[in-house]
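Hello,

The structure you asked about is below. My notes on it follow.

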Amino acid sequence: LAAVRAAEPNAEHHQFSGASMGITAEAYRSVGGLPALAALEDEAMEGRLRRHGVPIARSSAVRVWTSARTSGRAPRGLAADLAVLRWADRRRYRGDGVSVEELRAAKGATTVSVVLPAREVADTIGGVLDAAVMPLVAAEVVDEVLVVDAGSTDGTAEVAAARGVRVLDEDRILPGHGPALGKGDAMWRALAVTTGDVMCFLDADTSHPAPWLLSGLLRPLLSDLEVQLVKGAFDRPFESARPHEGGRVTELMARPLLNLHFPELAGFAQPLAGEIAARRALLERLAFPAGYGVEIAMLIDALRLVGLDGLAEVDLGTRQNRHQPLRDLGEMAYAVLAAVEARIDGRASAGGHYVRPWDDFAVARVPVLERPPLASPDRAAAVD
């Protein structure tokens, strides 16, 4: 058996541990039998055999035909892996190489609005507008641009207004709901005062943005009516020197949660990316967590409403933006966790209190309130 394993170390398919197996009754009884699991019991059985020192031989001479179905009897089995692979083949796009002429032809009568939530980003918002947004305004691909400013004191609003775009203070939109509580709240309010059939949300703190930042997001929605929501994906170096290490909340919180509870979404490289485009008809059916849980909540709720094939992801290259201190990321991770938990069991998080023991046990308030789906508001009365 050892010789067989040494000769064929890669005989197993990377997604399949071998539910078709032969085992002696003595070995079966000695390890406690097949684990009683809802899914992946074959992998667990293999683990038991290995822990008990039972040698396992694999032979590439054995051929098994299995179903390629993408919906299975268990929530986490081979079918989920196949669904992700099928989605990746159909719904992952490259952001570069999109021509203005292609977008204009695909757009037809569809209207497009672009929203940039902004807070103290005077040094970067002009570059985002100049490189990615205003060229599409000039080409009549984008019909409306709105910067939603969170009371910035560094001149953010003035930099944006100098480009001729509309700027609104977030607290003045839907003022009856009180002061805006965070990024998600600003996005929800922006939806109420814009009109585009397709909505694009862009982060305003990107340094040296690629010119295809916006065009790459728009192409799947304008060219394929089945696509309902598009997420941007980036390589995010940490301070330019450490590739793939910038998205710390993604890798340590968001990705493990999706793999555990929503495996169909495990193929998204950047589930927390702020670059999002979607059809208004879908967005108005979604609840918006007020804080940093908004992006992952959108993804989960859209999956339930339109299915995995209605979602897409676009590779937008490399993004360099500000990195927060590690301790500050805990509050962001808390918001992400609260949004996911609310979608697992429907429980709202209690208060959003976050204790900072290194700060004399100060208690931070993390926004976990969710704004309800926004059904056709009276836009004339939406701004104070």
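**Glu370 and its surroundings**

Beyond its neighbours within four places in sequence, Glu370 contacts Ala287, Phe288, Pro289, Ala290, Ala339, Ala342 and Arg343. Bear in mind that this is a predicted model. Glu370 sits in strand β14, residues 370–371. One of its contacts is Ala290. Glu370 and Ala290 are 80 residues apart in sequence, yet their C-alpha atoms are 5.5 Å apart in space. Is Glu370 buried, exposed or partly exposed? Its relative accessibility is 28%, so Glu370 counts as partly exposed.

**Salt bridges**

The count comes to 21 salt bridges, with a side-chain nitrogen of Lys or Arg within 4 Å of a carboxyl oxygen of Asp or Glu as the rule. As background, side chains of opposite charge can pair when their charged atoms come close.

Lys183 and Asp203 join through their side chains, at 2.9 Å from N to O. This pair links distant parts of the chain, 20 residues apart. Lys183 is in helix α8 (residues 183–192), and Asp203 is in the loop between β5 (198–201) and β6 (206–207). Both Lys183 and Asp203 are buried.

Glu331 and Arg356 form another salt bridge, at 2.2 Å from N to O. Again the pair links distant parts of the chain, here 25 residues apart. Glu331 belongs to helix α13 (residues 326–345), while Arg356 belongs to strand β12 (residues 353–356). Arg356 has a relative accessible area of 14%, so Arg356 is buried.

Salt bridges with shared partners also tie Arg90, Arg91, Asp224, Glu226 and Asp309 into one network.

Arg94 pairs with Asp96 in a salt bridge, and their closest N and O atoms are 2.8 Å apart. Asp96 is partly exposed, at 26% relative accessible area.

**Helices α5 and α9**

Where do these two helices meet? On the α5 side, the residues are Glu102, Leu103, Ala106 and Lys107. On the α9 side, they are Ser215, Leu218, Arg219, Leu222 and Ser223. Helix α5 covers residues 100–107, and helix α9 covers residues 213–223. Their axes come within 9 Å and cross at roughly 35 degrees. The crossing of α5 past α9 is left-handed.

**Helix α3**

Which residues of α3 are buried? They are Glu41, Asp42, Met45, Glu46, Gly47 and Leu49. The cover over these buried residues includes α2. After α3 comes Gly53, with a positive phi near 75 degrees.

**A nonpolar patch**

Ile23, Tyr28 and Leu34 make a nonpolar surface patch of about 240 Å². Leu34 is in the loop between α2 (25–30) and α3 (41–51).

Best regards

Terms used:
Residues numbered from 1 in each chain as written. Predicted model: local features only at pLDDT ≥ 70, side-chain atom pairs only at ≥ 80, totals over all residues. Heavy atoms only, no water. Patch = residues over 30% accessible without salt bridge, like charges linked within 9 Å, V, L, I, M, F, W, Y side chains within 5 Å. Areas by Shrake-Rupley, 256 points an atom, 1.4 Å probe, with all protein chains shown as cover. Helix = DSSP H or I, 4+ residues; strand = E, 2+ residues; numbered from the N terminus. Axes fitted to C-alpha atoms, helices over the stretch in contact; angles between N-to-C directions. Left-handed = near helix turned anticlockwise from the far one by under 90°. Contact = heavy atoms within 4.5 Å. Buried < 20%, exposed > 50% of the residue type's maximum accessible area, 1.4 Å probe, protein only.
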